[in-house]
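Open the model in your viewer and keep the selection panel at hand. We go from the whole chain down to a single side chain.

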Amino acid sequence: MKFKKIILYFTWNITRLIGILYSYELKRKLDDLYSKVYTAWMSRNFNHFSNDSTIRKQLYLVGGKRISVFSKTYIGSRVTLTAWEKYGEEKFSPSIIIGKSCSIGDDSHITAINMIKIGDNVLTGSKILITDNSHGQSQPNDIDIPPIKRSLYSKGPVIIENNVWIGEKSTILAGVTIGTGAIVAANSVVTKDVPAFAVVAGTPAKIVKLIK
């Protein structure tokens, strides 16, 4: 027991000493430098990617030539962006547009076979899902087909207007328009249009307040 305490004591203090040489502030600066290099490397895979926008590490990208990201936008770590031009034998003409000064939180997933258009100054929490499609249409003839083999289906594009705030772990489903200045509370599932300057919450999301 005493030997374990000695080992823990030395481990603790050696680690603190390393922390002086390789501080948290230095790590942040090196992470930022890595992001600049990583962003430059990834940017050529997009239809358009502004050179003052940022991608953090481990982006998963499909159909980048169908995706445009505009000025001063931040894409967090481990984000998935997929614009499916082909799924099985089906072909699509998808489009994902992310406007200026947006922030897409870590571990988020944005996926299109139709169109997803995100306006300027949109803020999202982490782990959000924005999708314009689903596997099948929840019809009886889908039941005997494994979900992964069902035809992709879109009820319509997703439009998110300027200055929208989407809370952590929220889901925005196909055919939805979210109006300017709206707020989507954390853990909400948005299945219908949200008016401008409305606050919505719940599953399915409902209006709980009108800001103006």
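**Whole chain.** Keep in mind that this is a predicted model. Show the cartoon: the chain has two helices and 24 strands. Its radius of gyration is 21 Å, well over the 17 Å that the globule rule gives for 212 residues, so the chain is more spread out than a compact globule.

**Surface.** Buried residues make up 38% of the 212 residues.

**Charges.** Colour by charge next. There are 28 positive and 16 negative side chains. The centres of the two sets lie 8 Å apart.

**Contacts.** Of the contacts with a separation of 6 or more, 29% join residues 24 or more positions apart.

**Core.** Which residues touch the most other members of the largest nonpolar core? Select L59, L81, I110, I118, I130, I160 and I178, from a core of 36 residues.

**Last stop.** Zoom in on I178. Leaving out residues up to four places away in sequence, I178 touches I159, I160, E161, V164, I172, V184 and V194. One of these, I160, is also among the core residues that touch the most other members.

Conventions. Residues are numbered from 1 along each chain as its sequence is written. This is a predicted model: local features need pLDDT of at least 70, side-chain atom pairs count only at pLDDT 80 or more; totals for chains, interfaces and linings use all residues. Side-chain values use heavy atoms; hydrogens and water are left out. A nonpolar core is a set of buried Ala, Val, Leu, Ile, Met, Phe, Trp, Tyr and Cys residues joined through side-chain atoms within 4.5 Å. Buried means under 20% relative accessible area, exposed over 50%, partly exposed in between (1.4 Å probe, protein chains only). Contact means heavy atoms within 4.5 Å. Helices (H or I, at least four residues) and strands (E, at least two) are DSSP runs, numbered from the N terminus. The radius of gyration is taken over C-alpha atoms; the globule rule is 2.2 Å times the number of residues to the power 0.38. Lys and Arg count as positive and Asp and Glu as negative; His and the chain ends are not counted. The place of a charge is taken as NZ of Lys, CZ of Arg, CG of Asp or CD of Glu.
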